[in-house]
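Good morning, everyone, and thank you for making time for this short talk.

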Amino acid sequence: MKKVLQGNEAIARGAWEAGVTVAAAYPGTPSSEILAEIAGYKEIAGQWSPNEKVAVEVASGASIAGARALACMKHVGMNVAADPFMTLAYTGIKGGFVIVVADDPNVHSSQNEQDSRNWARFAKVPMLEPGDAAECKDFTKMAFEISEQFDTPVLLKGETRVCHSDSLVELTERQESKVALGLDPKEASKYVMVPANVRVRRKTIETRMKELEAYADVFSRNVMEINDPEVGIIAAGAAYMYAKEAFPNYSFLKLGMVWPLPKKLIAEFFRKVKKVIIVEELDPFLETEIRALGFNVYHGKDVIPNMFELSPEIIAKSLMAEDYKEPETRVDPNDLPRRPPNMCAGCPHRALFYSLKKLGAFVFGDIGCYTLAFAPPLQALHTTICMGASIGQAYGAGKAMGKEGLGKICAVLGDSTFLHGGIGPVMDTVYNKGYSTTIILDNRTTGMTGLQEHAGTGYTLKGEPANMVNYETLVQALGVKNIRKVDPYKVKETMEVIKEEMERDDASVIITTNGPCMLHRREKRGFEYPFYAVDTDMCRGCKVCLELGCPAISWVVSEGETKDGKKRKGVVSINKSQCPGCGLCAQVCKFESIKAGA
Amino acid sequence: MENNKVTNILLSGVGGQGAILASNILAHVFVEAGYDVKKSEVHGMAQRGGDVTTHFRYGKKVYSPLIPYGGVDFLLAFELVEALRYINHCKPEARIVMNDQKILPPAVNLGLAEYPEGIPATFRQYFKENVHVVKGQEIALSLGNAQAANVVLVGAFSNFFPEIARDLWIGALMDLLPKKIHDLNIKAFDKGKETL
């Protein structure tokens, strides 16, 4: 049976068909849908882990017990998971163990653009790279077979245009793993990485790489397509799809396995084709390796961009140079008003960041929807580096500034981000006598990636009730003495609390309450009125409410006067169907012209 | 390569307008009609009020999930400025259905930018009679639910594919939508189909 599946759904399906029984991940665009899909397979114990490092540890533990296991993450998640990953390359596996790492060329929704193929070379493990959903499913299954055949973790590289593209996939039945479950204490020397054992495994890795290189030459998804004998392209994944689209008549060497490289196959391709071009996204990964083998590459990164994503026309333009005909420009798209993402109407983050802006705080920010507070009109967030970085940075800034920094510094991060990487730095702030304030925006979910559960929501990936982390007792146990709760929708009180805590010469944590994500269906928030409306008799058109950047509030030009004769250039209007009634705008209005509706 | 002609459809709109459902309907229909299909959309931050585009392609064998720039055969736009944003992506002979709806971008809301006027006329200047403006909201409201505007537009758009029987479109609606809104959406599809 054939079905249209998204790349991520196809990876999940492939894992299911391969007999996987344990899967763990932390959500991250563009990989989040894999586990969401896994949740529907009853044979797989799927779970959200607090971060990618834990996910890899969970899956590898399952593998050592003999299960086929999967861990999934976005490219930056691999930085977090690198510690266990780099050493698991030494220990090898028992049940097939596959790590999906999904890149985001063009940084559609990430804090950097890194090329995950480098991990394969770095750790000396094989990597497969599918180019569409059909390959996602097939390659996932093959990855488990390779993992068991060569006793190694296997990387499966996704990327935005593969993970989030749909294509036809042939579905087959699930095959249970042939590896027997069980833990054998006699295998300890394989899994205890103390120097004497490491040296043994270190040699094993090199032998394994030699065997994998030989396997790459016969791997069924490293495919040569000889058409035009003049020009040939070496490519993999999405880059192959784009190149094939742009130059269907050229010869191709399509690599399904991007590490290690099939040296004999590459040599054969260079013999059969006169000019060989390497088309790859981001780093010159294949090119560097192929040039190092001594081949004369006709074109590579000398013409193909080494940043952002490729597309059929970028490849065509790069290779055709002046022969490429640019399509007609009818309208300059730069003249059109952009539509950047924004916090939802009623979002608790907007209220909190409005308070921070009014206080003039320097806000060390983090990864989540609240990163949008960087943008105008709020402009109230001043750093974003990686998951959990805000807390350590705020503490460090305080150490540097001394008393000068009191009253000015805070760290802001979401509940899921706090559990991912925020516990250690709060502990550090207390232990080393820092004074910074950490604000946990508890919106009861992992918002930005699409409302995933986590250890603080009280539910598992599969929707079963579970333990719910109590942030208050948690940070208390870390040594925090000043713990406050604020309802971010009460601006005056929120500002007072934040001011007090930022001025205090001691570590503090503020937890927001009554602030579930606006898209959250399960959690209830307490808004008194169903919506707010503008009294156009009173509105002076001062635009203060527009500084909130609420999508429900708009500016209407209409020169005239208020009822009491004050001149104005326009009024604001609140879209009733969009307004959830949070009342933030009514609190910032200086002329009492925004009133509760009924 | 004429023997592997790939047809390119671009869907554009604003998050929440139902463009994703429309692209799922297209995928369903063209797979049933025996084609290879690929579609691609950017997720993540798009659900926070940003613009949403889906590249949809069908043919005997489709490689790239992305439509080459300037290669759009058919544009289905759910919002006017989101139509205009992709005018350069269209082939000169492209055929276009656009929803007669304005959703003001933030900068316009704040009075910092102007919403471009006369968007259908701009399109007609280049694409003449191949431009169709459909009152999606108005028609859907007349059927009792503005939410069905996306299916009204799909109905109008279906006229570009006379080789695809109505049954296939209706079958896609039935498979993809909950039963209690089948009648509404079948009506919305047919009303939309009548507009061209």
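Predicted model: local features only at pLDDT ≥ 70, side-chain atom pairs only at ≥ 80, totals over all residues.

Residues are numbered from 1 along each chain as its sequence is written, chains are lettered from A and ligands numbered from 1 in the order in which they are written, and side-chain values use heavy atoms, with hydrogens and water left out.

Let us look at the interface. If we take contact to be heavy atoms within 4.5 Å, then 52 residues of chain A touch 53 residues of chain B. Between them the two chains bury about 4500 Å², and 60% of that is on carbon and sulfur atoms, where buried area is the accessible area (1.4 Å probe) that two parts lose on being put together, summed over both. On the side of chain A, the residues that lose the most area to chain B are R330(A), P337(A) and R339(A), which together make up 21% of what that side buries.

How many salt bridges are there between chain A and chain B? The count is 5, a salt bridge being a side-chain nitrogen of Lys or Arg within 4 Å of a carboxyl oxygen of Asp or Glu. In one salt bridge, the side chain of D132(A) meets that of K38(B), with 3.0 Å from N to O.

E280(A) forms a salt bridge with R117(A), the closest N and O atoms being 2.9 Å apart. The pair links distant parts of the chain, 163 residues apart, with E280(A) in the loop between strand 13 (275-278) and helix 12 (285-292), and R117(A) in helix 5 (residues 117-123). Are these two buried or exposed? Both E280(A) and R117(A) are buried, and by buried we mean under 20% relative accessible area, by exposed over 50%, and by partly exposed in between (1.4 Å probe, protein chains only).

R117(A) is also among the residues in contact with E129(A), which is itself buried, at a relative accessible area of 5%.

For another setting, consider K567(A) and E561(A), whose salt bridge has its closest N and O atoms 3.7 Å apart. Here K567(A) is exposed at 68% relative accessibility, and E561(A) is partly exposed at 45%.

Finally, in chain B, the side chains of K91(B) and D73(B) meet in a salt bridge of 2.7 Å, N to O. K91(B) lies in strand 5 and D73(B) in strand 4, so the pair ties together parts that are 18 residues apart in sequence. K91(B) is partly exposed at 22% relative accessibility, whereas D73(B) is buried at 10%.

Definitions and conventions:
Helix = DSSP H or I, 4+ residues; strand = E, 2+ residues; numbered from the N terminus. Lists of a residue's contacts leave out its neighbours within four places in sequence.
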